[in-house]
Amino acid sequence: MVAKHLPGLEEKIATVRGVRLRYEVGGDGPPLLLVHGLGGGASNWVELAPALARSHRLLVPDLPGHGGSSPLPAAPRLDAFAAVVAAVCEREEMLPSAAVGHSLGGLVALRLALRRPEAVRALVLAAPAGIASTTRARETALTVLVLARPARLVAPFRRLVARTPWLRYPVFGHVVVSDPLSLSPAAVEGFLAPPMLHSDVMAAGRALVRDDPRLDLDRVRCPCLVLWGARDRMVPVEDGLEYARRLRAPLRVVPDCGHLLIGERPDACLDAIETFLSR
């Protein structure tokens, strides 16, 4: 099985910190790292990556255990995932970099900013998990249940789902998106393709549940933007308010949008990201 490729980017494989990491690079401009969520993969960014690549040099990894990347030998904490991401960024000479992280990827990017403050010049957190323990548990359980495991069964039929709008309802429901019909065919395939290749999603899920970023948020030194879907049923917008307060960062709420905001409302996300980074 072959991982779904992002248009205009080059697929690469590198061994870093004991992980055979699949990632994609491309574009012109200042470095920008895109980090997907739990149960996802680099192709989750299919709606945003081509547009962002017009003004940024992108690096988009499959996190360890996800998509085409092998698992970490041991991953009790998200710091281990952040270390792998930092290592591949260094390999591509893309540090310092701005970073955009979705869901679990927001926490990985946050841990990178805390671990290597000189390496992250700006941070966009798109519906990051991690504030309340109940939210973290729900994030792990629901994302693995809704995206990783059923999607693995659906993934071979992803092209059929992509071209048949009504099939998006049983696949995506109203849990991870506000309106399944708002997903483009490319977004549907981008979310459903990675689970076919997953090798160890649960390690990241366990690390996520153990991670409580609240005590560390006041140590983040780079400019931050918090981005949230108004109808996020997996990670409620109240968590976004707390992230914004603790980070002393602006919160931008995208109307009529669920947890998969990077695919459901890519235009609004692109505007928020570009406006923030341009400042």
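Is Asp-211 buried or exposed? Asp-211 is buried in this predicted model, with a relative accessible area of 7%. The legends below start from this residue.

Figure 1. Arg-111 forms a salt bridge with Asp-211, in which the closest N and O atoms are 2.9 Å apart. This pair links distant parts of the chain, since Arg-111 belongs to helix 3 (residues 104-115) and Asp-211 to the loop between helix 8 (201-210) and strand 7, 100 residues apart. A salt bridge also joins the side chains of Arg-111 and Asp-216, with an N to O distance of 2.9 Å. Here too the partners come from distant parts of the chain: Asp-216 is in the loop between helix 8 and strand 7, Arg-111 is in helix 3, and 105 residues separate them. Arg-111 has a relative accessibility of 9% and therefore counts as buried, the cut-off being under 20%. Asp-216 is buried, as is Arg-111. Side chains of opposite charge can pair when their charged atoms come close.

Figure 2. Asp-212 and Arg-214 form a salt bridge whose closest N and O atoms are 2.6 Å apart. Asp-212 counts as partly exposed because its relative accessibility is 27%. Arg-214, at 28% relative accessibility, is likewise partly exposed. In the whole structure, the search finds 14 salt bridges.

**Figure 3. The aromatic pair of Trp-228 and Tyr-243.** The structure holds one aromatic pair. Its members are Trp-228 and Tyr-243, in a tilted arrangement with 6.3 Å from centre to centre and 40° between the planes. The pair links distant parts of the chain, with Trp-228 in strand 7 (residues 224-229) and Tyr-243 in helix 9 (residues 237-247), 15 residues apart. Trp-228 has a relative accessible area of 0%, so the residue is buried. Tyr-243 counts as buried as well, also at 0% relative accessibility.

**Figure 4. Tyr-243 within the largest nonpolar core.** The largest nonpolar core has 96 residues, and those that touch the most other members are Leu-34, Leu-58, Val-108, Leu-123, Phe-172, Tyr-243 and Leu-247. Helix 2 (residues 78-91) gives the most to this core, contributing nine residues. In soluble globular proteins, nonpolar side chains tend to be buried together.

Figure 5. Trp-166, Tyr-169 and Leu-181 form a nonpolar patch on the surface, and their accessible area together is about 340 Å². Tyr-169 is part of helix 6 (residues 168-172). With a relative accessible area of 33%, Tyr-169 is partly exposed. Gly-173 lies in the loop between helix 6 and helix 7 (185-192). Gly-173 counts as buried because its relative accessibility of 19% falls under the 20% cut-off. Not counting residues up to four places away in sequence, Gly-173 touches Arg-168 and Pro-180.

Figure 6. Six of the eight residues of helix 7 are buried, which means that the helix is largely enclosed by the rest of the structure. The buried residues in helix 7 are Ala-187, Val-188, Glu-189, Gly-190, Phe-191 and Leu-192. Ala-187, placed in helix 7, has a relative accessibility of 2% and so counts as buried. Leaving out residues up to four places away in sequence, Ala-187 touches Val-46, Glu-47 and Gly-263. The C-alpha atoms of Ala-187 and Gly-205 are separated by 23 Å, and the two residues are 18 residues apart along the chain.

Notes
Residues numbered from 1 in each chain as written. Predicted model: local features only at pLDDT ≥ 70, side-chain atom pairs only at ≥ 80, totals over all residues. Heavy atoms only, no water. Core = buried A, V, L, I, M, F, W, Y, C linked by side-chain atoms within 4.5 Å. Buried < 20%, exposed > 50% of the residue type's maximum accessible area, 1.4 Å probe, protein only. Helix = DSSP H or I, 4+ residues; strand = E, 2+ residues; numbered from the N terminus. Phe/Tyr/Trp six-rings, centres within 6.5 Å; stacked < 30°, edge-to-face > 60°. Patch = residues over 30% accessible without salt bridge, like charges linked within 9 Å, V, L, I, M, F, W, Y side chains within 5 Å. Areas by Shrake-Rupley, 256 points an atom, 1.4 Å probe, with all protein chains shown as cover. Salt bridge = Lys/Arg side-chain N within 4 Å of Asp/Glu carboxyl O. Contact = heavy atoms within 4.5 Å.
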